[in-house]
Amino acid sequence: MATSTVENYVKQILLEQEQSEGSPVPMGKVASALGVVPGTTTTMAKSLADSGLVDYAPRIGVRLTEEGEKLALHVLRRHRLIELFLVKVLGLGWSEIHEEAEKLEHVISEPVLERIDALLGYPTVDPHGDPIPSAKGKMDIRRLENLSSSPIGKRLRIARITDQEPEFLRFIEKNGLQPGAEIKVLELNQIADTISLSLSDDEAVMTIGVSAAKKILVE
Ligand SMILES: [Zn+2]
């Protein structure tokens, strides 16, 4: 069985691969996302390669093997199902669940995970709108635009929030911008680097920065 360190690495590499669209992920990127010093990641990359979980090219980066991807998807499945369980069943706030899931994802047993899956009705997305891989390791990645590049004046539905920092999530919650919310972009102000929008059921206009808008995906 993989250690939690190995699980964290393969999961992070999978998340980075999602961004890089298949090209190898530099270990430096993985290191900064995991908050570790770059030196240790080289050792880790070699050891992951020895275990057959990644292909590693020094100075270029890593790419998950089929086996590595299978493990990563399974860790992601545990993480996202746990997050949904914590919100739906235990009533935790969605800004506090990520840290809890980071711990529980390494210790939950398969039978308990499958019971949670069934209890929740075999969900396909977690509370942040992130896709939940199936038990068979399939994950539907929807192609979604972010709010900074979406059309003006069109009704849009928020589908996914890509930043899981509690502070950012609290900002999203405070403004009613959680997945499922319907909004309309009113104006993109390139000078101020801001976007004005309104919620469909509310006339009030709110203005957010473009960097925040980039972390909000819509459909
Ligand atoms: Zn999370």
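**Notebook: zinc site, cores and domains**

I began with the zinc ion. Its protein donors are H79 (NE2), E83 (OE), H98 (ND1) and Q164 (OE1), lying 1.9 to 2.7 Å from the ion. I note here that this is a predicted model.

I looked up the geometry next. The 4 donor atoms subtend angles of 83 to 151 degrees around the zinc ion, so the arrangement is irregular. For reference, the ideal angle for four tetrahedral donors is 109.5 degrees.

Then I checked the sequence spacing of the donors. It reads H-x3-E-x14-H-x65-Q. E83 and Q164 link distant parts of the chain, 81 residues apart. E83 sits in helix α4 (residues 66-88). Q164 sits in the loop between β4 (155-161) and α7 (166-174). Are E83 and Q164 buried or exposed? I find E83 buried, and Q164 is buried too.

**Domains**

I went on to the division of the protein. I have domain 1 at 4-64, domain 2 at 76-141 and domain 3 at 145-218. I looked at how domain 2 and domain 3 meet. Their centres, taken over C-alpha atoms, are 25 Å apart. I count 10 residues of domain 2 in contact with 11 residues of domain 3. The area buried between domain 2 and domain 3 is about 920 Å². Carbon and sulfur atoms give 51% of that area.

**Nonpolar cores**

I turned to the largest nonpolar core, which has 34 residues. Those that touch the most other members are L147, I158, I161, L177, I183, L197 and I216. Helix α4 gives the most to this core, with 5 residues. Domain 2 (76-141) and domain 3 (145-218) both give residues to this core, so it lies between them. As background, nonpolar side chains tend to be buried together in soluble globular proteins.

**A72**

I came back to helix α4 for A72, which lies in it. A72 has a relative accessible area of 0%, so it is buried. Beyond its neighbours within four places in sequence, A72 is in contact with V10, K11, L14 and L64. I also looked up V6. A72 and V6 are 66 residues apart in sequence but 9.4 Å apart in space, C-alpha to C-alpha.

**Positive phi**

Last, I went through the backbone angles of two loop residues. R59 is not a glycine, yet it has a positive phi of about 65 degrees. I find R59 in the loop between β1 (54-57) and β2 (61-64). R59 has a relative accessible area of 84%, so it is exposed.

Y122 is not a glycine either, and its phi is positive at about 50 degrees. Where does Y122 lie? I place it in the loop between α6 (110-119) and β3 (145-146). With 56% relative accessibility, Y122 counts as exposed.

Technical notes:
Residues numbered from 1 in each chain as written. Predicted model: local features only at pLDDT ≥ 70, side-chain atom pairs only at ≥ 80, totals over all residues. Heavy atoms only, no water. Donors = N, O, S within 2.8 Å, 3.2 Å for Na, K, Ca; no water. Tetrahedral: all angles 85-135°; square planar, octahedral: opposite > 155°, others 65-115°. Helix = DSSP H or I, 4+ residues; strand = E, 2+ residues; numbered from the N terminus. Buried < 20%, exposed > 50% of the residue type's maximum accessible area, 1.4 Å probe, protein only. Core = buried A, V, L, I, M, F, W, Y, C linked by side-chain atoms within 4.5 Å. Domains from an automatic or database assignment. Contact = heavy atoms within 4.5 Å. Buried area = accessible area lost by both parts, 1.4 Å probe.
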